[in-house]
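Hi,

Here is the structure I promised to pass on.

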Amino acid sequence: MFGCGNVGKRRAKKLLNAGAEVHIYSKDFDERLLNYGNVKFFKIDLSKVGEEELKNIIKNYDFIVTAVNEEINKKISEIAIKLNKFVNSSTEELNFIIPACVVKEDIIFSIYTGGKSPILAREIRKMVEKYIDKGEIEFIGAFRKFLKDKVKDSKKRREILEKLFTNERFQEELLRLIEKWEDDNNTEG
(Lines give C-alpha, C1' and ligand atoms only; values in the text may rest on other atoms or scores of the structure.)
Protein backbone atom coordinates (compact mmCIF):
# COMPACT_ATOMS: atom_id res chain seq x y z
CA MET A 1 0.00 0.00 0.00
CA PHE A 2 1.25 3.43 -0.91
CA GLY A 3 -0.05 6.29 1.25
CA CYS A 4 -1.60 6.41 4.70
CA GLY A 5 -4.02 9.34 4.70
CA ASN A 6 -7.74 8.90 5.34
CA VAL A 7 -8.33 6.81 2.19
CA GLY A 8 -5.22 4.73 2.78
CA LYS A 9 -6.16 4.02 6.40
CA ARG A 10 -9.69 2.96 5.37
CA ARG A 11 -8.38 0.60 2.72
CA ALA A 12 -5.67 -0.74 5.03
CA LYS A 13 -8.22 -1.47 7.76
CA LYS A 14 -10.44 -3.41 5.33
CA LEU A 15 -7.50 -5.51 4.19
CA LEU A 16 -6.23 -6.03 7.74
CA ASN A 17 -9.70 -7.01 8.96
CA ALA A 18 -9.79 -9.59 6.16
CA GLY A 19 -6.54 -11.08 7.49
CA ALA A 20 -4.11 -9.64 4.93
CA GLU A 21 -0.54 -8.72 5.75
CA VAL A 22 -0.18 -5.07 4.75
CA HIS A 23 3.03 -3.17 4.05
CA ILE A 24 2.52 0.59 3.96
CA TYR A 25 4.92 2.95 2.18
CA SER A 26 4.26 6.52 3.27
CA LYS A 27 5.85 9.54 4.92
CA ASP A 28 2.95 9.60 7.39
CA PHE A 29 1.60 6.72 9.42
CA ASP A 30 -1.20 6.14 11.92
CA GLU A 31 0.32 4.23 14.85
CA ARG A 32 -3.10 2.74 15.68
CA LEU A 33 -2.76 0.50 12.62
CA LEU A 34 0.02 -1.34 14.46
CA ASN A 35 -2.68 -2.78 16.77
CA TYR A 36 -3.66 -5.10 13.91
CA GLY A 37 -0.32 -6.88 14.22
CA ASN A 38 0.07 -7.86 10.57
CA VAL A 39 1.13 -4.45 9.28
CA LYS A 40 4.59 -3.08 8.50
CA PHE A 41 5.39 0.56 7.90
CA PHE A 42 8.14 1.88 5.62
CA LYS A 43 8.75 5.62 6.03
CA ILE A 44 9.32 7.09 2.59
CA ASP A 45 8.57 10.35 0.79
CA LEU A 46 6.99 9.01 -2.39
CA SER A 47 7.30 12.38 -4.15
CA LYS A 48 11.09 11.93 -4.13
CA VAL A 49 11.21 8.29 -5.26
CA GLY A 50 12.26 7.47 -8.81
CA GLU A 51 10.64 5.00 -11.17
CA GLU A 52 13.35 2.35 -10.74
CA GLU A 53 13.09 2.41 -6.94
CA LEU A 54 9.28 2.15 -7.16
CA LYS A 55 9.65 -0.77 -9.57
CA ASN A 56 11.97 -2.54 -7.09
CA ILE A 57 9.39 -2.11 -4.31
CA ILE A 58 6.34 -3.05 -6.41
CA LYS A 59 7.87 -6.23 -7.85
CA ASN A 60 7.82 -7.77 -4.34
CA TYR A 61 4.02 -7.67 -4.07
CA ASP A 62 1.01 -9.16 -5.86
CA PHE A 63 -1.51 -6.48 -4.82
CA ILE A 64 -0.81 -2.75 -4.98
CA VAL A 65 -3.05 -0.09 -3.42
CA THR A 66 -2.39 3.59 -4.11
CA ALA A 67 -3.71 6.33 -1.84
CA VAL A 68 -1.29 9.26 -2.14
CA ASN A 69 -2.32 11.84 -4.75
CA GLU A 70 -3.37 11.68 -8.38
CA GLU A 71 0.10 12.14 -9.86
CA ILE A 72 1.88 9.62 -7.64
CA ASN A 73 -1.03 7.16 -7.76
CA LYS A 74 -0.90 7.22 -11.57
CA LYS A 75 2.87 6.72 -11.63
CA ILE A 76 2.73 3.76 -9.21
CA SER A 77 -0.30 2.23 -10.93
CA GLU A 78 1.29 2.37 -14.38
CA ILE A 79 4.44 0.62 -13.11
CA ALA A 80 2.37 -2.01 -11.28
CA ILE A 81 0.18 -2.73 -14.32
CA LYS A 82 3.33 -3.19 -16.48
CA LEU A 83 4.53 -5.71 -13.87
CA ASN A 84 1.18 -7.57 -14.07
CA LYS A 85 0.14 -6.71 -10.52
CA PHE A 86 -3.37 -6.32 -9.13
CA VAL A 87 -3.90 -2.58 -8.67
CA ASN A 88 -6.46 -0.66 -6.62
CA SER A 89 -6.25 3.06 -7.27
CA SER A 90 -8.34 6.17 -7.76
CA THR A 91 -6.77 6.37 -11.23
CA GLU A 92 -8.06 4.61 -14.32
CA GLU A 93 -5.28 2.04 -13.93
CA LEU A 94 -7.06 -0.39 -11.64
CA ASN A 95 -7.96 -4.03 -11.93
CA PHE A 96 -9.31 -4.88 -8.48
CA ILE A 97 -11.62 -3.01 -6.13
CA ILE A 98 -12.06 -2.67 -2.39
CA PRO A 99 -15.82 -2.04 -2.11
CA ALA A 100 -17.91 -0.82 0.81
CA CYS A 101 -19.23 -3.99 2.47
CA VAL A 102 -21.99 -5.04 4.80
CA VAL A 103 -21.46 -8.29 6.68
CA LYS A 104 -24.56 -9.26 8.59
CA GLU A 105 -25.23 -12.83 9.67
CA ASP A 106 -24.70 -15.01 6.60
CA ILE A 107 -25.04 -12.16 4.10
CA ILE A 108 -22.21 -10.18 2.54
CA PHE A 109 -23.24 -7.23 0.39
CA SER A 110 -20.78 -4.98 -1.45
CA ILE A 111 -21.19 -1.74 -3.35
CA TYR A 112 -18.66 0.13 -5.42
CA THR A 113 -19.09 3.52 -7.08
CA GLY A 114 -15.72 3.72 -8.82
CA GLY A 115 -14.58 6.33 -6.32
CA LYS A 116 -17.21 8.74 -7.64
CA SER A 117 -19.42 8.74 -4.55
CA PRO A 118 -18.22 7.15 -1.32
CA ILE A 119 -21.12 8.89 0.45
CA LEU A 120 -23.66 7.19 -1.83
CA ALA A 121 -21.95 3.83 -1.22
CA ARG A 122 -22.13 4.44 2.54
CA GLU A 123 -25.83 5.39 2.45
CA ILE A 124 -26.74 2.36 0.35
CA ARG A 125 -24.75 0.18 2.76
CA LYS A 126 -26.73 1.62 5.69
CA MET A 127 -30.03 0.94 3.91
CA VAL A 128 -29.05 -2.67 3.27
CA GLU A 129 -27.95 -3.12 6.90
CA LYS A 130 -31.41 -1.99 8.06
CA TYR A 131 -33.19 -4.21 5.53
CA ILE A 132 -31.46 -7.52 6.28
CA ASP A 133 -33.37 -9.50 8.88
CA LYS A 134 -31.80 -12.60 10.45
CA GLY A 135 -35.10 -14.43 10.79
CA GLU A 136 -35.99 -13.92 7.14
CA ILE A 137 -32.59 -15.14 5.99
CA GLU A 138 -32.75 -18.26 8.16
CA PHE A 139 -36.31 -19.03 7.08
CA ILE A 140 -35.58 -18.56 3.39
CA GLY A 141 -32.43 -20.69 3.79
CA ALA A 142 -34.50 -23.47 5.36
CA PHE A 143 -37.14 -23.09 2.61
CA ARG A 144 -34.46 -23.34 -0.09
CA LYS A 145 -32.99 -26.47 1.53
CA PHE A 146 -36.47 -28.02 1.65
CA LEU A 147 -36.98 -27.18 -2.02
CA LYS A 148 -33.56 -28.65 -2.94
CA ASP A 149 -34.57 -31.91 -1.26
CA LYS A 150 -37.90 -32.02 -3.12
CA VAL A 151 -36.97 -30.62 -6.56
CA LYS A 152 -33.70 -32.04 -7.90
CA ASP A 153 -33.61 -30.04 -11.17
CA SER A 154 -31.85 -26.74 -10.35
CA LYS A 155 -33.43 -24.95 -13.34
CA LYS A 156 -36.94 -25.96 -12.18
CA ARG A 157 -36.08 -24.94 -8.58
CA ARG A 158 -34.99 -21.53 -9.79
CA GLU A 159 -38.19 -21.06 -11.80
CA ILE A 160 -40.26 -21.96 -8.72
CA LEU A 161 -38.33 -19.56 -6.49
CA GLU A 162 -38.56 -16.70 -9.00
CA LYS A 163 -42.30 -17.18 -9.45
CA LEU A 164 -42.88 -17.38 -5.73
CA PHE A 165 -40.79 -14.39 -4.76
CA THR A 166 -42.36 -12.15 -7.40
CA ASN A 167 -45.91 -13.13 -6.39
CA GLU A 168 -47.41 -10.48 -4.08
CA ARG A 169 -49.77 -12.92 -2.32
CA PHE A 170 -46.89 -15.31 -1.68
CA GLN A 171 -44.77 -12.48 -0.27
CA GLU A 172 -47.52 -11.54 2.22
CA GLU A 173 -47.99 -15.18 3.24
CA LEU A 174 -44.23 -15.67 3.49
CA LEU A 175 -43.89 -12.68 5.85
CA ARG A 176 -46.70 -14.10 8.01
CA LEU A 177 -44.95 -17.49 8.12
CA ILE A 178 -41.60 -15.89 8.94
CA GLU A 179 -43.15 -14.01 11.87
CA LYS A 180 -44.76 -17.24 13.13
CA TRP A 181 -41.50 -19.13 12.65
CA GLU A 182 -39.56 -16.44 14.57
CA ASP A 183 -42.14 -16.50 17.39
CA ASP A 184 -41.97 -20.32 17.59
CA ASN A 185 -38.16 -20.28 17.65
CA ASN A 186 -37.99 -17.51 20.26
CA THR A 187 -40.31 -19.41 22.64
CA GLU A 188 -38.26 -22.63 22.27
CA GLY A 189 -34.96 -21.01 23.25
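A term to start with: a residue is buried if its relative accessible area is under 20%, exposed if over 50%, and partly exposed in between (1.4 Å probe, protein chains only). This is a predicted model, where local features need pLDDT of at least 70 and side-chain atom pairs count only at pLDDT 80 or more, while totals for chains, interfaces and linings use all residues. Residues are numbered from 1 along each chain as its sequence is written, and side-chain values use heavy atoms, with hydrogens and water left out.

Helices (H or I, at least four residues) and strands (E, at least two) are DSSP runs, by the way, numbered from the N terminus.

Thr66 is at the other end of the scale: its relative accessibility is 0%, so it counts as buried. You'll find Thr66 in the loop between strand S3 (63-65) and H3. Leaving out residues up to four places away in sequence, Thr66 is in contact (heavy atoms within 4.5 Å) with Phe2, Arg11, Asn73, Ile76, Ser77, Asn88, Ser89 and Ser90.

Now the inside. A nonpolar core here is a set of buried Ala, Val, Leu, Ile, Met, Phe, Trp, Tyr and Cys residues joined through side-chain atoms within 4.5 Å. The largest one has 15 residues, and Phe2, Leu46, Leu54, Ile58, Ile64 and Ile76 touch the most other members. Helix H2 (51-58) and helix H3 (70-82) each supply at least two residues of this core, and H3 gives the most, with four. There is also a second, separate core of twelve residues, Leu16, Val22, Val39 and Ile98 among them.

How do H2 and H3 meet? Glu51, Leu54, Lys55 and Ile58 in H2 are in contact with Lys75, Ile76, Ile79 and Ala80 in H3. Those residues divide into five nonpolar, no polar and three charged (Ala, Val, Leu, Ile, Met, Phe, Trp, Tyr, Cys and Pro count as nonpolar, Asp, Glu, Lys and Arg as charged, and the others, Gly among them, as polar). Beyond its neighbours within four places in sequence, Leu54 touches Phe2, Leu46, Val49, Lys75, Ile76 and Ile79.

Happy browsing!
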